[in-house]
Amino acid sequence: MLQSHEFWMAQACQLARKGLYTTHPNPRVGCVLVKEAQKIGEGFHLKAGEAHAEINALNSTEVDPTGATAYVTLEPCSHQGKTGPCAEALIKAKVKTVVFGMQDPNPEVAGNGLNKLKAAGIEVIGPVLELECAQLNPGFIKRMQEGLPFVRLKMAMSLDGRTAMESGESKWITGPDARMDVQRLRAKSDAIITGIGSVLADDPSMTVRIDSQDNEVDPKTVRQPKRIVMDTALSITPESKILYPTHQVEIFSIKEEIEEEHWLTLSKKGVQVSFVDRGEDGRIDLIHVMEQLADQGINEVLVETGSELAGSFLQQGLVDEVVVYMAPKLMGSLARPLFQLPIESMDEAVDLTIQSVRQVGNDLRIVFVPLYLDEMEDEIDG
């Protein structure tokens with residue numbers, strides 16, 4: 001039976017998802033080779049520095065790929081990196097057709113791989129299932145196009161919208177299933193951001209802890225994300241759990257507010273302290289931080305923090321996705337709110353649209369997208 005391009009591209013997307021927790025800072029890519037209406041090979045990119053999806057697909061086949069069709073979720077690369085250009089490999093393999101899901105999002109190289117294939121006489125078709133292919137790599141695409149990482153803001157709250165008791169006590173609002181789901185969010189992130197308030201109150205480690213029985217994430221292949229602390233006055237103590245191991249930590253601060261002796265103590269321990277300017281609110285310039293993280297090759301950021309820093313991220317238009325875990329409990333009017341937002345009237349309200357709602361154990365996971373993103377896109381299109 002002759003299957004459609006969408007059928008085979010959907011399979012390539014499924015393959016790409018196998019690299020969901022491992023490929024960063026590279027994109028997640030899948031490839032399927034089809035010849036005479038039969039799949040003859042498949043592959044996906046697993047880890048930066050290792051073979052790309054097209055190479056793994058070619059290496060997997062025991063059939064001569066001459067005349068085959070290659071279905072690739074992302075335009076085959078045309079440049080020499082840690083591995084050779086995939087466009088050249090497909091040309092050498094003498095495939096007849098390449099069907100791509102989406103173009104390379106890097107404006108400096110977009111179309112180069114496709115043009116190289118066309119120049120070699122290979123038929124190029126696409127984009128096919130472009131939205132589905134783009135959803136595989138929101139962070140990589142945003143970093144290439146805007147010079148900023150994709151920011152996912154995770155919050156946990158009670159049914160009445162509270163995140164901690166008045167005393168600061170917050171363990172545990174949600175149940176074990178929701179907490180394990182958060183570990184998966186951490187695992188697919190390049191970096192986790194928190195504020196000094198959360199560090200001093202809870203002394204978190206902010207590492208990925210995957211159960212060996214997890215059926216979605218292999219704990220043996222998970223790479224620990226970088227941990228970022230927003231600490232204006234460098235108040236963190238050298239004993240804080242989040243600082244270990246030190247090579248995976250970066251603290252952002254404002255130089256004129258810190259004690260140099262404390263800075264030197266942290267530096268001697270191997271902790272990276274970076275200084276940025278003040279933002280309009282007098283605190284750390286979050287946009288500058290995001291630009292620096294993008295320059296480091298960080299695609300996806302998970303923000304796990306208190307209501308004040310969470311509110312600042314929202315106010316500055318830096319949040320791409322809000323993930324809220326809602327527990328079926330009431331914490332009362334004295335407990336702390338989800339966000340600190342100085343809103344005085346309804347026309348200042350931050351509007352969100354619901355992407356998905358799913359039950360996780362005894363809790364709900366609700367994924368929102370801020371509507372200001374749609375407004376930004378309308379301005380660009382206009």
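Helices (H or I, at least four residues) and strands (E, at least two) are DSSP runs, numbered from the N terminus.

This is a predicted model, in which local features need pLDDT of at least 70 and side-chain atom pairs count only at pLDDT 80 or more, whereas totals for chains, interfaces and linings use all residues. Residues are numbered from 1 along each chain as its sequence is written, and side-chain values use heavy atoms, with hydrogens and water left out.

**Confidence**

The pLDDT, the predictor's confidence in each residue from 0 to 100, has a mean of 89 for the protein, and 94% of the residues reach 70 or more. Confidence is highest in β3, at 98, and lowest in helix α12 (residues 372-381), at a mean of 48. Over residues 375-382 the pLDDT is below 50, and this stretch has one contact in the model beyond near neighbours in sequence.

**The sheet**

Strands β1 and β2 run antiparallel and are joined by six bridges; Gly30 stands opposite Phe44 in β2.

**Backbone features in loops**

| Feature | Angle | Loop |
|---|---|---|
| cis His24 to Pro25 | omega near 10 degrees | Pro25: between α1 (5-16) and β1 (30-35) |
| cis Tyr244 and Pro245 | omega about -5 degrees | Pro245: between β9 (226-230) and β10 (249-253) |
| Glu36, not a glycine | positive phi of about 55 degrees | between β1 and β2 (38-44) |
| Asp203, not a glycine | positive phi of about 50 degrees | between α8 (196-202) and β9 |

Buried means under 20% relative accessible area, exposed over 50%, and partly exposed in between, with a 1.4 Å probe and protein chains only. Glu36 is exposed, with a relative accessible area of 71%, whereas Asp203 counts as partly exposed at 28%.

A polar atom of the Thr305 side chain lies 3.3 Å from the backbone nitrogen of Gly195. Leaving aside neighbours within four places in sequence, Thr305 is in contact with Met155, Thr194, Gly195, Ser198 and Ala310.

Thr232 lies in the loop between β9 and β10 and, at 22% relative accessibility, counts as partly exposed. With neighbours within four places in sequence again left aside, Thr232 is in contact with Phe252, Ser253, Ile254, Glu257, Ile258 and Ile284. The C-alpha atoms of Thr232 and Ala53 are separated by 42 Å, the two residues being 179 residues apart along the chain.

Notes. Polar contact = N/O pair within 3.5 Å; in protein donor to acceptor, adjacent residues only side chain to side chain. Contact = heavy atoms within 4.5 Å. Pairing = 2+ DSSP bridges.
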